[in-house]
Amino acid sequence: MSNIFEKAVAFAMKAHEGQKRKDGGVYILHPLEDATIVGTMTNDLEVLAAAVLHDTVEDTPVTAQDIFENFGERVAKLVAHETEDKRPDLPPNETWKIRKEESLAVLKSSDIETKMLWLGDKLSNMRSLARDYDKIGDEVFDRFNEKNPKEQYWYHSTILKYISELSDYPAYKEYEKLINHVFNKECK
C-alpha cells in the first residue's frame, strides 16, 4: 500500500489528465511543483497530499466528498481552504474580485498548514507568471480573468501579508521577490 502522498499524486494525475495551464503547459506539473515547494516547509504527508490535490475540486469533476472519502477529513479540509467557489453560472471576469475576497478571508484566519499550501500554490503560479512576463511583458495579463495588473498586485500582496508567519522560509522570500519583479513597474 502506498502512502497517502503517493496515492494523492496518482489521484491528481488522473483528475488533471489532458488539462493545460494558461501558458499551454501540462497542468499536473503545477500541483506537483506546489507539493515540492510545500515539501521545503514540512514533511507532513497529509499536507503534501493536500498540496498535490489542491486544484482537483476547483478545476476537475472531483468533488469535496471524493477527497474526503479517499483521503480523510484533514486532507479534505486543507483542500477546501484552497478551493474557490467559481460560480459557474456567471462570467469569471465578473466574479473575480468577490472570489478573491472570499478566499482571502479564509486565508487570513487559517492555520499554518493552509498558509503553506497557499504559498506553494501562489509561488508556483508566480514563477510561471514571471517567466511569461519576462517574455511578453504586460500582454501576459490578457490571459487572466482580471486583466488589470493593479488588481493582480493587490491580490498577491494581500496573500503575502496574510502568510507573513512564513517569512523566514526561502519560498516566501522568492514569492515576495517575484511579486516585486512582475508588478513593480505597474503598481509601485
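1. Four helices each supply at least two residues of the lining of the largest pocket in this predicted model: helix 4 (56–59), helix 6 (92–108), helix 7 (112–136) and helix 8 (149–162). Helices here are DSSP runs of H or I of at least four residues, numbered from the N terminus. A pocket is defined on a 1 Å grid over the protein atoms alone, as an open set of points where a 1.4 Å probe fits, with protein on both sides within 12 Å along at least five of seven lines; lining residues have an atom within 4 Å of a point. Helix 7 gives the largest share of the lining, eight residues.

2. A word on conventions before going further. Residues are numbered from 1 along each chain as its sequence is written, and side-chain values use heavy atoms, with hydrogens and water left out. As this is a predicted model, local features need pLDDT of at least 70 and side-chain atom pairs count only at pLDDT 80 or more, while totals for chains, interfaces and linings use all residues.

3. Back to the largest pocket: about 880 Å³ of space lies in it, the volume being the space filled by probe spheres set on the grid points, which are joined across faces, edges and corners. The lining has 36 residues, and Lys 22, Glu 58, Lys 100, Asn 125 and Phe 144 lie nearest the centre. By type, the lining divides into 18 charged, 11 nonpolar and seven polar residues.

4. Helix 1 is worth a look next. Its 12 residues, 4–15, reach 16 Å from the first C-alpha to the last, close to the 16 Å expected at 1.5 Å a residue; the expected span is 1.5 Å times one less than the number of residues. Ala 8, Val 9, Ala 12 and Ala 15 are buried in this helix (buried means under 20% relative accessible area, exposed over 50%, partly exposed in between, with a 1.4 Å probe and protein chains only). These residues cover an arc of only 135° around the axis, so they sit on the same side of helix 1; the arc is that of the directions from the helix axis to the C-beta atoms.

5. What do the buried residues of helix 1 pack against? Their partners are helix 2 (29–38), helix 3 (45–53), helix 4 and helix 5 (64–80), with contact meaning heavy atoms within 4.5 Å. Val 9 has a relative accessible area of 17%, and beyond residues up to four places away in sequence, Val 9 touches Leu 32 and Val 52.

6. Met 13 also lies in helix 1. Is Met 13 buried or partly exposed? At 45% relative accessibility, Met 13 counts as partly exposed.

7. In the loop between helix 1 and helix 2 you will find Ile 28, which is buried at 12% relative accessible area. Setting aside neighbours within four places in sequence, Ile 28 is in contact with Ala 12, Met 13 and His 16. The C-alpha atoms of Ile 28 and His 16 are separated by 6.1 Å, with the two residues 12 apart along the chain.

8. Helix 3 is mostly covered, with seven of its nine residues buried. Those buried residues are Val 47, Leu 48, Ala 49, Ala 50, Ala 51, Val 52 and Leu 53, and they pack against helix 1, helix 2, helix 4, helix 5 and helix 7. In the loop between helix 2 and helix 3 sits Gly 39, partly exposed at 39% relative accessible area.

Definitions and conventions: Nonpolar A, V, L, I, M, F, W, Y, C, P; charged D, E, K, R; others polar.
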